[in-house]
Each structure stands twice: as structure tokens, then as C-alpha cells.
Amino acid sequence: RQSRIEAENAAARAEGAAKKVKEASDLVAKDKQRASLELDEANDQAEEAWEFLRRVKGTSLGRVKGTSKGDKKIDINLKAKKETTVSARIGTVVEVCEDSYGTNFSSDSLSPRKKSGNPLSHAETKKQKSEHRTGVKQWENRSRSQMKMPSQSDASSKQDSLMEPIRKFRGHTSPVTQIAAVDENRFISSSWDTTIRMWNADTGECMRTFRGHSDWVHAISVLDSRHFISGSDDRTIKMWNVDKEECIQTFKGHSSFVKALAPMDGDRFLSGSRDRTVKLFSVASGECLQTFEGHTDVVSTIVALGSHHFASGSHDNNIKYWNDSSGTCVRTLVGHTGSIKTLAAVSDKEIVSGSDDKMIRLWDVSTGKCLREFGSKNSLVFSVTYICEGFFLSCGGNNIKLYHIPSGACVKSYETPRISLAVVRLDDERFVTGSDQMLHLWKF
């Protein structure tokens, strides 16, 4: 009897030990998976920083060694930077950009002014400004159908004009990632420096700086006149009050970087992530209501189309049109040969997309057909924004272009002294662009 009791106790101890071993093994596996994920994310951030630097310099820098997709290795210097604090890593990126790119454009290879030939005389400058004002008046005319469009020969013979912004906004210490208009006088901007700033367009003043994210902020979206949301590489989405600098609410659910945001209606918004999913959140409850799966790479941009449909663009080169009621992908829009960088809604049935293939396309989401192509495959596309009936703006590199949708013609082209990464319409006369660390206010 005593032997039997001891045997049972020994069996119980063995079972407990086996359970602890299994728990330890599971913990080790999770730690390895987490470490692998963080290494992949570090590679992605390093690759994104080098991609930005390559585009800013306008050169053909190679990819960072060991940062191709599926490669678990990383350059030792970049790995060391990742292991330091976020602010130190960002500071290093900014330092590299400043040293390589500069802010005074003294080099012939970087200066659009040098490329455009001799400086304009006072009379030529006055004539150029007069022609620009005349073009603006034509564009502002509400009778869009009566607007006289330039011929193709005129468009091809016309050189881009180097425009000067109305106002410059300084404050960010790293590249600007996105801009959103709060109203006709205020706008917000996000940056790699982990902050969001709100600006007064009339004075150039930075009204508020919103701090709370612990990594790069890639996406911002205005919910209403008093609230906006931001998405970060720290995997969180935060809601803010424009009148305060404190975070009101934090939304969690994504397992990797948050890359895109879009308001759905008064109480819901959409988010896209490096985890390849789109999530629908409730503002009131803070809960994730639904997860949409289907993309095979980073979801980089989202646009709402009515109260029950939306479109998402991904680095898998595809755009998907979704129904949030059924949670299904209605159709996939195929045609781009590069990562989808930006989407803009023209109507509930039409969208404009910009891609790394340097093309802009107009789509009918109800049929999945590409209705028109814009661009000449020689200009980068970082951002597009719908301006008004029949017109949209695109920015990429040192070019900002105003397109007429029905004709497909570029009716206005600006050559800017700094690379433009994001663009947003502020009112009927002005728009804002974001560059490496600075924002600019322009007139149409």
C-alpha cells in the first residue's frame, strides 16, 4: 500500500514537471516568434528609411543588404540603431538625410533652379505669376464643363514652372508621412519623429504637438471637427481632441505596424496594417468589430466609399473593394505593377489610385474596370487627393500635378524645390504638401 501511494505521488510530480516543461517550451517558441517579428519589422523600417533617402537624393542607391523580403538578416549598423531608443534611431535617419540631401540646394545635381536654366528676369517672373493667376481663375470657375483644356501639344511643350510656396511650416524633426485638414485654417501632420502637429495655415504657427506614440506615426485621419485618430508603428491607434494634447483613447488589435486609417461613419473607422489585415473599430466601445483578410502584403492605404463599402490598397499591387456588412471582398482591381501607395475617392463608385509603377489610375469599383490612366511613367506618385468635381492633385518627387479627370490632361504642373511626400486640399484656393521635415502652403 505504501509503495502504491509513493508511485501515485511520483506520477503526479512527473505530470507536473512535464506540464512545466511544455509551458517553458511554449514560452521559448513565443519569444522566438516575437523576436523574429521584431527583426522583420526592424528590417522594414530600415528599408523604408533607405527608400526615402534614395528618392530624396534622386539616385539609384541599392537596397539595404539583408533587408529583402523573407531575409532574416540585417545590416549590423542598422541592427545596432534598432537596439537603441526610437528617438536616437530617428535622429540618425534625419542626420543622414540632412548630410546627403541638404536644405540649401547648392548642388547642381539637386537644385531644380539650376536645372531650369538662368534665373527669370523681373518681367518674366511677373508674366509667369500673371499666367498662374489666370489659370487659377479658370480652375475656380464653377462651370467646369466650360473650362478650356490645353491641347496635348501645348501640354508637352509647356515646361514646369518652379513655384514658391505661400508659407513654410517648420517643427518636425523627421520626414512627414501624412497631412489632414481639420478645417479651412487648420491642418495636422504626422511624422517619423513619433509626433502629430496641428498648424495654423494663416500664421504658420504650430498650435499643438500631440505626443503619445512610441514609434513612427504613419497615418492620421480626421473624424469630426474636434477629433482625429493616428496610427503608428507601435501597433496602436490613438484618438485625440484637437483642443487638447492628451490622448483620449487607445485602440489595439493589430499585430504589426498601422499604416492606414479612414473614417467610415460617425462611430466607426477603418485601419490597415503590415499584418495584411483591415480592421473596423467602434469609436464608442473601442472594440474591433470586424477583421477583413485577403491581402498578401502590407495594407498601405484605405478609402471609405459610402457607409457600407470601402477600398484598400496593398503592397501586393492589388486594390480590393469590400462590403463591411458581409465582411467579404466584392472584387479585386488588378492592373498596377507596383505597390499601391495612395487612394482617393472621386465618388462612391469611382476611385483614383497611385502606385510605385509611377502610374495613376481611375477605377470603377462596381465593375472593376480601369477607366483611365494618368501620368507618363517618369514621375513618382506618393499621394493623391480629390480637389473638386473633375480635378485631383498628385505629388511625387519634385512635382505636384493638377489633373482634369474627364480629359486625363495635366492642366497644371508645379516643380518644387523640395521633395513632396503628401498633399491635401485645405480650401478652394490653397493646398498643403509635406516634404522631408517641412510643410508648404500653396495656391492653386
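How many residues lie between β13 and β14 in the hairpin that they form, and which residue in the turn has a positive phi? In this predicted model, five residues separate the two strands of that hairpin, and G286 in its turn has a positive phi of about 80 degrees.

Strand β13 covers residues 277–282, and six of its six residues are buried. The side chains are divided between two directions: T277, K279 and F281 point one way, whereas V278, L280 and S282 point the other way. Both groups are buried.

β13 pairs with strands on either hand. Strand β12 (residues 268–273) runs antiparallel to β13 and is joined to it by five bridges. Within this pairing, R268 has S282 as its bridge partner. Strand β14 (residues 288–293) is likewise antiparallel to β13, again over five bridges, and here T277 is partnered with E293.

**Strand β16 and its neighbours**

Strand β16 (residues 309–314) is also mostly covered, since five of its six residues are buried. Its pairing with strand β15 (residues 299–305) is antiparallel and comprises six bridges; in it, L305 stands opposite H309. With strand β17 (residues 319–323), β16 pairs in the antiparallel sense over five bridges. H309 takes part here too, with N323 in β17 as its bridge partner.

| Hairpin | Residues between the strands | Residue and phi |
|---|---|---|
| β12 and β13 | three residues | R276, about 75 degrees |
| β13 and β14 | five residues | G286, about 80 degrees |
| β15 and β16 | three residues | G306, near 85 degrees |
| β16 and β17 | four residues | N317, near 75 degrees |

**Positive phi in two further loops**

Most residues other than glycine have a negative phi. T194 is not a glycine, yet its phi is positive, at about 75 degrees. This residue is found in the loop between β4 (186–191) and β5 (195–200). Is T194 buried or exposed? Its relative accessible area is 15%, which is under the 20% limit, so T194 is buried.

R235 is placed in the loop between β8 (227–232) and β9 (237–241). With a relative accessible area of 17%, R235 is buried as well.

**The largest nonpolar core**

In soluble globular proteins, nonpolar side chains tend to be buried together. The largest nonpolar core of this model has 17 residues, and those with the most contacts inside it are I387, F391, L393, I400 and F431. At least two residues of this core come from each of the strands β23 (383–388), β24 (391–396), β25 (399–404) and β26 (409–415). β24 gives the largest share, namely three residues.

**The chain as a whole**

The secondary structure of the chain consists of six helices and 29 strands. Of its 444 residues, 49% are buried. Among contacts with a separation of 6 or more, 46% are between residues 24 or more positions apart. The chain exposes about 21,600 Å², of which carbon and sulfur atoms supply 47%.

Methods: Residues are numbered from 1 along each chain as its sequence is written. This is a predicted model: local features need pLDDT of at least 70, side-chain atom pairs count only at pLDDT 80 or more; totals for chains, interfaces and linings use all residues. Side-chain values use heavy atoms; hydrogens and water are left out. A nonpolar core is a set of buried Ala, Val, Leu, Ile, Met, Phe, Trp, Tyr and Cys residues joined through side-chain atoms within 4.5 Å. Buried means under 20% relative accessible area, exposed over 50%, partly exposed in between (1.4 Å probe, protein chains only). Two strands pair if DSSP finds at least two bridges between them. Contact means heavy atoms within 4.5 Å. Accessible areas come from the Shrake-Rupley method with a 1.4 Å probe; for residues, only the protein chains shown count as cover.
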